[in-house]
Amino acid sequence: MTKNMTTGSVAKNIVYFSLPYFFSYFLQTLYGMADLFIIGQFEGAASITAVSIGSQVMHMLTVMIVGLAMGTTVTIAQSVGAEDHRNIRTAIGTTAVLFFGVSLVLAVVLVALRGGITSAMETPIEAVPGTQSYLLICFLGIPLITAYNIIASIFRGLGDAKSPMYFVAVACLCNIALDYLFMGAFAMGPAGAAWGTVISQALSVALALAYVKSGRAGIALSRQDFRPDLAVLRRILRIGVPISLQDGFIQVAFLVITVIANMRGLTDAAAVGIVEKVISFIFLVPSSMLSTVSALGAQNIGAGKVGRAQQTLRYALAMAVSFGIVVSIVTQYTADGIVGLFTYDAAVIVAGGAYLQGYIFDCIFAGVHFCFSGYFCACGRSELSFLHNVVSIVTARIPLVYLTSIWYPMTLFPMGLATATGSLVSVVICISAFLYLRSHGNPAFVRSDANV
């Protein structure tokens, strides 16, 4: 039923867990990138902008759901480390009931608010119809999107990062095929992109449920397990709510940046939309490190092996920072070519290339605070992750992006640099919080080479 990662090589366990997660996230990110790439082959800037804005809104909702589900992943992982199988089953059942209710409420509320959301995004008038069509279809599909991400969080808490990868791989191939069918052959525009995404998510959920029902997943649940346990529910929410709010706030910040870009005109709006998709792909490695540190760190802390948990953090930091440095250097020479994969519009390519050259440095700093955030979650201190992200957004990211958009109206490069400055603030806060807790003797932060 579980994959215990509290023994053996720490580095090997990180690779074992992070690679399947990396490919899962890669394939899931490919959903949005495929939508944007394919619609760029058949439609103009208005449709590109509609899909980029609509997918940003959906990405915000998805990461908030995944953030809330982090409470499930950590709770299950700590139970795995403690070999408490009863608590594992209780956490799974409580999670299923919680998120079923949450997804239905979200679907109803957001369908009613889709017009206001489109307006709040300062969507260019040419892109309004496409954006509203995209959002309506995707909002109706929220229960399916939620179901997949919850199933994936459960498997990862159990130490199984491979199964979610297989489910999403099939769905991704289906999504690409449907995109060409709906947006190409049927010329459905942004609505076609939305239908392709929702149908593909439905397939992914169906595959996951069939796998669980077959018994091969090793998850055996009874009807009694689906009676919410208040103590487990409080623990899931205590860990998950700060992460969900943090991720939501981060996405709100990016939506604000999108609004600022939209106010600069259709060219900059399309450029920023494309680069945001590219960045979401490049951030696969830092994001995989966050989830890896959360799951593996929680298992080891649950088993009382703080030294192994800290070693997991150190290895993850080395991997994330090394990746960030390399990709930042390479991107300086390839930015225009990368943006050019998504559009033939020369003006959009120039604007997007400049934005990407500045933005890419965020990959270095984000890699650091993602790893620390993962460790804070593993220790049950997710409020620290929420704190550093809120402070960095309010004091640096949004104000600097706004100011640079005014000071440099002819280029997006300074706006890109401003986003990286926000992550640098987060790095300073994370390191300070870690050292503070260590100096005050917090058990999960005290320097330890034991149990490695």
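Colleague: Which residues have the most contacts inside the largest nonpolar core?

Modeller: This is a predicted model. In it, Met-58, Phe-139, Ile-274 and Tyr-355 have the most contacts inside that core.

Colleague: And how many residues does the largest nonpolar core have?

Modeller: The count is 67 residues.

Colleague: Take Ile-274. What does Ile-274 touch, not counting residues up to four places away in sequence?

Modeller: Ile-274 touches Leu-36, Ile-48, Val-339, Phe-342, Thr-343 and Val-348. There is also a second, separate core of 26 residues. Val-10, Ile-14, Leu-317 and Phe-434 are included in that second core.

Colleague: What span should H4 have, and how far apart are its end C-alpha atoms?

Modeller: H4 covers residues 128-140, which is 13 residues. At 1.5 Å a residue, H4 should span 18 Å, and its end C-alpha atoms are 19 Å apart, so the two agree.

Colleague: Now H9. How many of its residues are buried?

Modeller: In H9, 14 of the 17 residues are buried, so the helix is largely enclosed by the rest of the structure. H9 runs over residues 266-282 and reaches 24 Å from its first C-alpha to its last. That is close to the 24 Å expected at 1.5 Å a residue.

Colleague: And H13, how many of its residues are buried?

Modeller: H13 is mostly covered, with 16 of its 17 residues buried. The helix takes in residues 362-378 and should span 24 Å at 1.5 Å a residue. Its end C-alpha atoms are 24 Å apart, which agrees.

Colleague: What happens just after H13?

Modeller: Gly-380 takes a positive phi of about 80 degrees there.

Colleague: Which residue other than glycine has a positive phi?

Modeller: Ala-187 has one, with phi near 50 degrees. Ala-187 is found in the loop between H6 and H7.

Colleague: Is Ala-187 buried or exposed?

Modeller: Ala-187 is exposed, because its relative accessible area is 54% and the cut-off for exposed is over 50%.

Colleague: Let's move to pockets. What volume does the largest pocket have?

Modeller: The volume is about 410 Å³.

Colleague: Which residues lie nearest its centre?

Modeller: Of the 20 residues that line the largest pocket, Ala-96, Ala-147, Ile-150, Ile-151 and Leu-209 lie nearest its centre. The elements that give two or more residues to that lining are H3 (85-120), H5 (142-157) and H7 (190-214).

Colleague: Where does the largest share of the lining come from?

Modeller: That share comes from H5, which gives 7 residues. By class, the lining has 17 nonpolar, 2 polar and 1 charged residues.

Colleague: Back to H6. Where does Asp-179 stand, buried or exposed?

Modeller: Asp-179 is found in helix H6, residues 162-185. Asp-179 is buried, because its relative accessible area is 0% and buried means under 20%.

Colleague: What is Asp-179 in contact with, leaving aside its neighbours within four places in sequence?

Modeller: Asp-179 is in contact with Ala-34, Asp-35, Ile-38, Gly-184, Gly-192, Ala-193 and Gly-196.

Colleague: And Val-168, buried or exposed?

Modeller: Val-168 has its place in helix H6 as well. Val-168 is buried, with a relative accessible area of 2%. Val-168 and Ala-152 are 16 residues apart in sequence and 9.7 Å apart in space, C-alpha to C-alpha.

Colleague: Last topic, H2. Where does Thr-62 lie?

Modeller: Thr-62 lies in helix H2, residues 45-81. At 17% relative accessibility, Thr-62 counts as buried. Leaving aside its neighbours within four places in sequence, Thr-62 is in contact with Ile-145 and Asn-149.

Colleague: What about Ala-77, buried or exposed?

Modeller: Ala-77 also lies in H2, and Ala-77 is buried, with a relative accessible area of 0%. Leaving aside its neighbours within four places in sequence, Ala-77 is in contact with Gly-157, Ala-295, Ala-298 and Gln-299. Ala-77 and Asn-300 are 223 residues apart in sequence and 8.6 Å apart in space, C-alpha to C-alpha.

Terms used
Residues numbered from 1 in each chain as written. Predicted model: local features only at pLDDT ≥ 70, side-chain atom pairs only at ≥ 80, totals over all residues. Heavy atoms only, no water. 1 Å grid on protein atoms, 1.4 Å probe; cavity = no way out; pocket = protein on both sides within 12 Å on 5 of 7 lines; lining within 4 Å. Points joined across faces, edges and corners; volume = space filled by probe spheres on them. Helix = DSSP H or I, 4+ residues; strand = E, 2+ residues; numbered from the N terminus. Nonpolar A, V, L, I, M, F, W, Y, C, P; charged D, E, K, R; others polar. Expected span 1.5 Å × (residues − 1). Buried < 20%, exposed > 50% of the residue type's maximum accessible area, 1.4 Å probe, protein only. Core = buried A, V, L, I, M, F, W, Y, C linked by side-chain atoms within 4.5 Å. Contact = heavy atoms within 4.5 Å.
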